[in-house]
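Hello,

Here is the structure for you to look at. My notes on what was found in it follow below.

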Amino acid sequence: MVLLLRVVVLARDARSSRICRYSALLLTGIAAYVVESAPGFRALDLHWRLPIHLVSVCSPAAFWMAMAALFVDEFRERWYHALAWLVLAMLGGAEMFNRSMSIGIVHSALSLLLILLGVWHALAGRAADLVEGRRRLRILYAVAVALYTMLIIASDWLWPGGLSAAPLSLANAIGLVTLIFLFAVLGSPPAAMEQLEPASIPTNTPALARAGPPQSLGHDPAAAPPATGADAALLQALRRLIEHGRIYREPDLSVASLSQKLDIPEHRLRRLINRQLGHRNFSAFINGYRLADAETALADPVQADVPVLTIALDAGFGSIGPFNRAFKAHTGLTPTDYRRARLDGA
């Protein structure tokens, strides 16, 4: 009941918030599993069991998408998300009528893959995440759900009756209570989720000046209180390192290395960039300067014969692939097309 109430609350903001949308989807799947794992469920008529079972078995796909929506700023729904959901539903439906080992293996393998993808979304970008509350949620959400879901999959194969069997029923109950507490009690309400929800991507060049809007995903820095005292001094030091020292050209630059150069703790640097400059991701923040540098070089007639790879490496990118993808996402053009358009129009 607590889970369903939580779903109702999240559903109110599902249209405007993708975090709410996919969180509600995941909680619905967990609620369906709670019902399905209850004693006596198998005695119900097939017409009642089938829809609940289908929602339940699609939980790994919902987990994958919920983790991506929550932790990947540039996440967008793709066709393969719907395909994974559909395949899980088909396999779950087939299992209701045919308890084939081959179907069970494919279903378990796909479920495990989607869970691992969700864990990867949650953990891969933690080092560059500048939103402190979201950094804490990454491990809490991903690990708790992943461990419990993998326990479900393993129990179905290792013990007759799975988690409903007597030796594991207590562990199952504890796990369910933990998940309910995690998502229904500790889960962020819609008001708090607004702080985690990525804003639109501005198209202007990066600026450390407080009046300038951010290049990367994030809130409007004009909404933040002006930096004073030590924070104002740190912003000036950061400006010197980036705009004058061009430290962004170091390909291995990270929050840790930049905080060492500024001689401040990492958490303070993350908070400074996030709250004062409106950036949510350190890599996107630094890449904004790298892309602006590359744009200038590509539009410079003097550098018309300089290879694109050289420009990318000089700007701080480690290889041509990430540079091409980031540049096209930023400008809508490949580096070569951008150079041609700018030089032909000069």
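**Overall picture**

Of the 346 residues in the protein, 46% are buried. Buried means under 20% relative accessible area, exposed means over 50%, and partly exposed lies in between (1.4 Å probe, protein chains only).

This is a predicted model: local features need pLDDT of at least 70, side-chain atom pairs count only at pLDDT 80 or more, and totals for chains, interfaces and linings use all residues. Residues are numbered from 1 along each chain as its sequence is written, and side-chain values use heavy atoms, with hydrogens and water left out.

The protein has 16 helices and zero strands. Both are DSSP runs, numbered from the N terminus: helices are H or I with at least four residues, strands are E with at least two. The accessible surface comes to about 17,700 Å². Carbon and sulfur atoms hold 63% of that surface. Areas come from the Shrake-Rupley method with a 1.4 Å probe; for residues, only the protein chains shown count as cover.

Now the contacts, meaning heavy atoms within 4.5 Å. Take those in the protein with a separation of 6 or more: 67% are between residues 24 or more positions apart.

**Cysteines**

The disulfide count is zero. The rule asks for a pair of cysteine sulfur atoms within 2.5 Å. C20 is buried, with a relative accessible area of 2%. C58 is buried too, at 2% relative accessibility.

**Helix α12**

Helix α12 covers residues 266-277 and contains R270. R270 is buried, with 6% relative accessibility. Leaving aside residues up to four places away in sequence, R270 touches D129, L130, E132, R135 and V255.

N274 is also in helix α12. N274 counts as buried at 11% relative accessibility. Its side chain reaches the backbone oxygen of H279 at 3.0 Å. The polar contact rule is a pair of N or O atoms within 3.5 Å; within protein, one must be able to donate a hydrogen and the other to accept it, and residues adjacent in sequence count only if both atoms are side-chain atoms.

Helix α12 holds Q276 as well. Q276 is buried, at 8% relative accessibility. Q276 and A232 are 44 residues apart in sequence, yet their C-alpha atoms are 9.5 Å apart in space.

**Aromatic rings**

There are nine aromatic pairs. Rings of Phe, Tyr and Trp (its six-membered ring) pair if their centres lie within 6.5 Å; planes under 30 degrees apart count as stacked, over 60 as edge-to-face and the rest as tilted.

One of the pairs is F282 with F285, which is tilted: 6.3 Å centre to centre, with 55° between the planes. F282 and F285 are three residues apart in helix α13 (residues 282-298), so about one helical turn separates them. F282 is buried at 3% relative accessibility, and F285 is buried at 0%.

F327 and Y338 make an edge-to-face pair, 5.2 Å centre to centre with 80° between the planes. F327 lies in helix α15 (residues 320-331) and Y338 in helix α16 (residues 335-344), so this pair ties together parts eleven residues apart in sequence. Both F327 and Y338 are buried.

Ring pairs also link Y248, F282, F285 and Y289 into a cluster.

Finally, a charge over a ring. R290 lies over the face of F317, at 5.9 Å from the ring centre. The rule needs NZ of Lys or CZ of Arg within 6 Å of the ring centre and within 35 degrees of the ring normal.

Best regards
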